[in-house]
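Here is a short briefing on the fold shown below. Please keep the coordinates open while reading.

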Amino acid sequence: IVGHAAMYDAVKLTDTVSAGGGPPARVGIVMNMTDIVPSNPDVELDQQGADHMDYLYHRLYLDALTLGAWDPNLDTVVDETRQDLAGRLDLLGINYYNKVEVIGLPLSLGGLVPIMDFYPEFSWEPHPEGLGAVVTRAAAFGLPMMITENGTPYVEDQGVEVLEGHLDALLGAIEDGALVEGYLYWSFVDNYEWNHGFDLRFGLYRLDVDTKERIARPVRDRLSEIAASNALD
């Protein structure tokens, strides 16, 4: 948070006019955001765990860089309002893939700092409606947004269905007032995915790792149609 705020100020100090004579640079962050939900909505402990995870994963950063809310010990209590952090976001990038179901725990596993009082169950299972939920919640911060990554490792079989579901949910959030400036699909071609290697594949094009041939998947054509018409139908 502190590093981002300092970088924001440095960019604003030096980049006052774009190279093309247009507006100066806008500075933001990209966050990997998930639709965090209680494992059982009727269990208060799960509700509390989901809310705490959402705070640590999302709101802690956004509260600090929009409002200056400073919570260095992560206890959800704002210790001070820092003007050197407030207002240091011009836009928000969102990477979205999945939801997380949270099981609340009756005690913290993190000692004095209660950062492990929940257990998150991650899944790569497509959850398109979650993109709308995430964008709608993020819209409360009043920032223009860009979907900077979105896709599914099930692209071979479900790529078109998941793409349309995500865009439909995103359109719903826009119609409800979210300011979304663009959408970027992940990814153009199957990539080496961190610790997963080539086990997880997201590409519009399937990559043959031996021959390096790129083979278009059906989702490539569907995304092309949607982009050309700027419409789902």
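**A buried tryptophan**

W70 counts as buried, because its relative accessibility is 18% and the cut-off for buried is under 20%. This is a predicted model.

**Around W70**

- W70 sits in strand β3, which covers residues 69-70.
- Neighbours within four places in sequence are left aside here; beyond them, W70 is in contact with I1, V2, V77, V78, D79, E80, R82 and L85.
- L143 is 73 residues from W70 in sequence. In space, the C-alpha atoms of W70 and L143 are 20 Å apart.

**The four-stranded sheet**

- An open sheet is built from 4 strands in the order β1-β5-β8-β9, and its pairing is parallel.
- β1 and β9 (180-183) are the edge strands, and each pairs on one side only.
- On average, neighbouring strands of this sheet are turned by 20° against each other, direction ignored.
- Strand β1 (residues 28-32) pairs with β5 in the parallel sense over 5 bridges. Opposite G28 stands L91 in β5.
- β5 also pairs with strand β8 (residues 145-150), in the parallel sense and over 5 bridges. I94 has I147 of β8 as its bridge partner.
- β8 and β9 are joined in the parallel sense over 3 bridges. V180 in β9 is the bridge partner of M145.

**Strand β5 in detail**

- Strand β5 (residues 91-96) is mostly covered, with 6 of its 6 residues buried.
- Which residues point which way from β5? L91, G93 and N95 point one way, while L92, I94 and Y96 point the other way. All of these residues are buried.

**The three-stranded sheet**

- A further open sheet has 3 strands in the order β2-β6-β7, with mixed pairing.
- β2 and β7 (118-122) stand at the edges with a single partner strand each, so one side of each has no neighbour in the sheet.
- Neighbouring strands of this sheet are turned by 30° against each other on average, direction ignored.
- β2 and strand β6 (residues 99-104) run parallel and are joined by 4 bridges. D35 has K99 in β6 as its bridge partner.

**Helices α3 and α4**

- Two packed helices are described by the angle between their axes and the distance between the axes.
- The axes of helix α3 (residues 129-138) and helix α4 (residues 155-175) come within 7 Å. They cross at roughly 30°.
- That angle is under 35 degrees, and α3 and α4 are therefore roughly parallel to each other.
- The crossing of α3 past α4 is right-handed.
- From α3, the contact is made by E129, L131, G132, V135 and T136. From α4, it is made by H166, A169, L170 and A173.
- By class, this contact of α3 with α4 has 5 nonpolar, 3 polar and 1 charged residues.

**How the helices meet the strands**

- α4 lies across β5, β8 and β9. Its direction is at about 170° to β9.
- Which residues of α3 are buried? They are G130, L131, G132, V134, V135 and A138.
- The cover over the buried residues of α3 includes β2 (35-38), β5, β8, α4 and β9.

Conventions: Residues are numbered from 1 along each chain as its sequence is written. This is a predicted model: local features need pLDDT of at least 70, side-chain atom pairs count only at pLDDT 80 or more; totals for chains, interfaces and linings use all residues. Side-chain values use heavy atoms; hydrogens and water are left out. Axes are lines fitted to C-alpha atoms, for helices over the stretch in contact, and angles run from 0 to 180 degrees between N-to-C directions. Helices (H or I, at least four residues) and strands (E, at least two) are DSSP runs, numbered from the N terminus. Angles under 35 degrees count as roughly parallel, over 145 as roughly antiparallel, 65 to 115 as roughly perpendicular and the rest as oblique. A crossing is left-handed if the near helix is turned anticlockwise from the far one by less than a right angle, and right-handed if clockwise. Contact means heavy atoms within 4.5 Å. Ala, Val, Leu, Ile, Met, Phe, Trp, Tyr, Cys and Pro count as nonpolar, Asp, Glu, Lys and Arg as charged, and the others, Gly among them, as polar. Buried means under 20% relative accessible area, exposed over 50%, partly exposed in between (1.4 Å probe, protein chains only). Two strands pair if DSSP finds at least two bridges between them.
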